Amino acid sequence: MKDFVHLHLHTHYSLLDGAIRVPDLMGRLDELGMQAVAMTDHGNMYGAVDFQQAAQKAGIKSIVGCEMYMCDSAFDEEQISSEVFHLTMLAESLEGYKNLMYLNSMGWLKGYDERRGIPRIDFDLFAEHHQGIICLSGDLGGEINQAILADDRQRAVEVATKYRDLLGPDHYYLEVMQNALPEQQKCTATLVELSDELGIELVATNDCHYVRREDARAHAVLMCIQLGKTADVDRMMEHGVDQLYVRSAEEMWEAFSHIPEACENTLKIAEMCDLEIPLGEIYLPRYDVPQDFIDKRGIDDPTEVIDQYFEYVAQQGLEDRFEEFDALGQQYDRQVYEERLREEIEIIRQMGFPGYFLIVWDFIDWSHEQSIPVGPGRGSGAGSLVAYSMRITDIDPMPYDLLFERFLNPERVSMPDFDIDFCMNRRGEVIDYVTEKYGADNVGQIITYGQMKARACIKDVGRALDFSFGETNRIAKLVPDELGITLDEALSQEKRLRTMCDEDDKVDTLFDIALSLENLNRQAGIHAAGLVIADDPLWEYVPICRGANGEIVTQYAKNEVEDAGLVKFDFLGLKTLTVIDDAVRLVNQQRDRRDEAPFDLQSIALDDPDVFELISAGNTTGVFQLESSGFQELLKKLKPNAFEDIVAAVALYRPGPLGSGMVDDFIDRKHGRKEVEYPHPWLEEILEPTYGVMVYQEQVMKTAQIMAGYTLGGADLLRRAMGKKKASVMEEQKQIFVDGAVEKDVDERTATEIFDLMAYF
């Protein structure tokens, strides 16, 4: 049996249009023995990277495309046309993929139709950027088919000839389909005639919006959800809308047995398409080093310029920190700090990230100059002395033994990632600064997708099936209130739901459809913090669209954006910083009236007993990370009297430690109700600050280094493996740890117990 390739397929990335989840599609193609498939979502390329990755994993060839919205004039305000038509475009090559991204991005940026909510382009723009693109004439919404349906054969000939002459015979095809719609039958018959008349080859496609024929009912409901209408599913089924599924090769060859060359051309096109979206590269924006620095150093090599300027800023920053230490009378070992700084600088240079540090330093430095409150830093970035020296963070990693390798591991090359907090009210100013510095087309926010989750899915489907608000609300409330719960899990956990389905056919139908639609993308949003900055316009790397307020937004979500090579910078808006800034400002207004020196937030001592008395009483409403009722109860039990106790409490306040008794053990040891014990004498120095309890990930890394001879980079890999809990990887790491410990004369049983303790933590 000859093969077939679906070239006109709409996935759930169409957002309430296609009901095809990519994993389900790959399973269906494997079942049918198909070896290639094209994704042609309406007006967007949202899923291209995810689609390619899923296809590669399944051993299936992916063809990236887009069903564009075409009009006579999309960009001339005085001549913008009202008619819009579909045109199927497939990327033949990397050049074609780049042109597809450009065309689709321009549709969103400059040709967006507010009334219809669609991105449009026109023939003139396509003519300038058609290289590497294979074009199919489109479905019933295509311009040729619309002309045929209007009995305007001459117009159909003119349109087909225009595209044939532009693209050539190998890159333009008349798209024929076979389904139960009488309009389709009329168009297909005429297209066969035009093929002979104009010398344009036919290509057989199937407009796929769902995976299996039995999914047609769920898809009909999905369309009603999109349109805000009530579904009469039985009546809709009478109109033959159950043909838009992924058919087998046998079905397609049989449907086009009178024109087999149309099916042969699907295979021909699939063989022509040879695109693999390049992933895994890193495209950092260029940081412009001040010209006077370049002139003084006499450097020609751009990379060396960046490296030397980065080193200069870091070293000068450390000198400034030393001056502050001296002014405060703080004790420190200058040599230890300088040696750690040199080591970090060398690793950062080897990994090629000086530019990244300079970009982050630049917009934080600008924020400080504008008196915009910036957070002191959080996450693994606090382990970098370079970051502290450059004032990217305001946390000295040395007194707390924070490890640089947890932030940037030379044994596992991945982008550094600073979580940077800004005053909630002024975060936008920083984004505006970055946009102006690097160019409006080079900076964008990152898309997110809201999905149809269990409860919301029940409500959406219920509305479309004409359930009352009270009925759907009553059913949805029976879904257990658990994060990420699925409808299957809800049915198994809540017997009342299963009983309702058994006793009421309408409820059973609701659940049957909701199960088919669960986790489909419902709407697009914008990542709360992420921003990407590129050296060239973003559409050179990823397709882009517009946000609700006109923002430039990547069509790829966070993971896919990073896979495509763009670097994400996190600009978090934090209410706490705004509150603190307001408090300091109000205090200083009072001080100014009394001619007192202004209050400096950095001057607060970390050992003030009154502060610890307040915290130990649980009076922490409004205190970042300490304000929940559960945390307040923990603080009352712990009664912290040192800053390190608060740090430990934040680390321990997680479901695992709370449920395992580790927190109570920590509290009892602190207050002398339990003896402090160490798993091994070598670990006493590491675990002494936490009373012998393994609290921090850094302690896990140090344990691996001391007990089993890991490098800190290797210990970070172990830490990551433990976090992911993959059994095969954990078993491999356990053997490495035990073997390393035995080589250091630790008995195997003790080594195994310590590894299990680390894994348990």
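Student: Between which two helices is the place of Leu 601?
Tutor: This is a predicted model, residues are numbered from 1 along each chain as its sequence is written, and side-chain values use heavy atoms, without hydrogens or water. Local features need pLDDT of at least 70, side-chain atom pairs need 80 or more, and totals for chains, interfaces and linings use all residues. Helices are DSSP runs of H or I, at least four residues, numbered from the N terminus. Leu 601 sits in a loop, between H25 (575-593) and H26 (609-616).

Student: Is Leu 601 buried, partly exposed or exposed?
Tutor: Buried means under 20% relative accessible area, exposed over 50%, and partly exposed in between (1.4 Å probe, protein chains only). The relative accessibility of Leu 601 is 40%, so Leu 601 counts as partly exposed.

Student: Where does Lys 726 lie?
Tutor: Look at helix H33 (712-724) and helix H34 (727-743). Lys 726 lies between them, in the loop.

Student: How far apart are the end C-alpha atoms of H32?
Tutor: H32 covers residues 697-708, twelve residues at 1.5 Å each. The expected span is 1.5 Å times one less than the number of residues, which gives 16 Å for H32. The model agrees, because the end C-alpha atoms are apart by 16 Å.

Student: How many residues of H32 are buried?
Tutor: H32 is mostly covered. Its buried residues include Val 700, Met 701, Ala 704 and Met 707. Of the twelve residues in H32, the buried ones number nine.

Student: What is the relative accessible area of Pro 655?
Tutor: Pro 655 lies in helix H29 (residues 655-660). Pro 655 is exposed, because its relative accessible area is 74%.

Student: How far apart in space are Pro 655 and Val 413?
Tutor: In sequence, they are 242 residues apart. In space, C-alpha to C-alpha, Pro 655 and Val 413 are separated by 31 Å.
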